Amino acid sequence: MDNEHEQELTHKLTEILSPSFTFTKRQLGWLLAIVGGIAFIGILGLDIIGGGREGGIGPAQIAALVVTALVALVGLSLIPLGDDPA
């Protein structure tokens with residue numbers, strides 16, 4: 001039974017690494033939503049960690065927060081589109 005599971009896992013891995021592999025819209029959506037969300041939280045975390053600095057959130061951080069939020073929203077909008085190639 002273990003051998004079957006290992007073969008299935010190896011087959012899936014070789015399929016992903018093949019030159020003909022394409023992301024689906026759902027996979028790309030999840031990827032963008034996760035990356036955008038982590039980046040958004042990370043940018044806010046920078047302000048908390050750098051608590052000794054004065055000034056709070058500046059214009060560059062606001063721009064980065066807007067961009068990461070847009071990336072996450074684009075990702076969330078792709079998820080319901082299903083398994084069509086991206």
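## Basis of the description

A salt bridge is defined here as a side-chain nitrogen of Lys or Arg within 4 Å of a carboxyl oxygen of Asp or Glu. By this rule the protein has one salt bridge, which is described under its own heading below.

The model is predicted, so that local features need pLDDT of at least 70 and side-chain atom pairs count only at pLDDT 80 or more, while totals for chains, interfaces and linings use all residues. Residues are numbered from 1 along each chain as its sequence is written, and side-chain values use heavy atoms, with hydrogens and water left out.

## Confidence and overall fold

The pLDDT, the predictor's confidence in each residue on a scale from 0 to 100, averages 83 over the protein, and 83% of the residues score at least 70. Helices are DSSP runs of H or I with at least four residues, strands are runs of E with at least two, and both are numbered from the N terminus. The protein has three helices and zero strands, in the order α-α-α along the sequence. Where pLDDT is low, the predicted coordinates should not be read in detail.

A contact means heavy atoms within 4.5 Å. Of the contacts with a separation of 6 or more, 75% come from residues 24 or more positions apart.

Helix H2 covers residues 25–49; at 1.5 Å a residue, its 25 residues should span 36 Å, and the end C-alpha atoms are 35 Å apart, which agrees. The expected span is 1.5 Å times one less than the number of residues.

A residue is buried under 20% relative accessible area, exposed over 50%, and partly exposed in between, using a 1.4 Å probe and protein chains only. Of the 86 residues of the protein, 16% count as buried. In H2 the buried residues are Gly29, Ala33, Gly36 and Ile43, and they pack against helix H3 (59–78). Alanine 39, also in H2, is partly exposed because its relative accessible area is 27%. Its C-alpha lies 8.8 Å from that of alanine 64, which is 25 residues away in sequence.

Glutamine 61 belongs to helix H3 and counts as buried because its relative accessibility is 16%. Leaving aside residues up to four places away in sequence, glutamine 61 touches Ile43, Leu46, Asp47 and Gly56.

## The surface

Accessible areas come from the Shrake-Rupley method with a 1.4 Å probe, and for residues only the protein chains shown count as cover. The protein has an accessible surface of about 6,600 Å², 70% of which belongs to carbon and sulfur atoms.

Patches are made of residues with over 30% relative accessible area and no salt bridge; like charges are joined within 9 Å, and nonpolar side chains (Val, Leu, Ile, Met, Phe, Trp, Tyr) within 5 Å. One nonpolar patch consists of Phe40, Ile41, Leu44, Ile57, Ile62, Val66, Leu70, Leu73 and Leu76, with about 800 Å² of accessible area together. H2 and H3 are the elements that give two or more residues to this patch, and H3 gives the most, with five. Leucine 73, in helix H3, counts as exposed because its relative accessibility is 53%.

## The salt bridge

Aspartate 83 pairs with arginine 26 in a salt bridge, with the closest N and O atoms 3.2 Å apart. The pair links distant parts of the chain, since aspartate 83 lies in the segment after H3 and arginine 26 in helix H2, 57 residues apart. Aspartate 83 is exposed, with a relative accessible area of 54%, whereas arginine 26 is partly exposed, at 33%.
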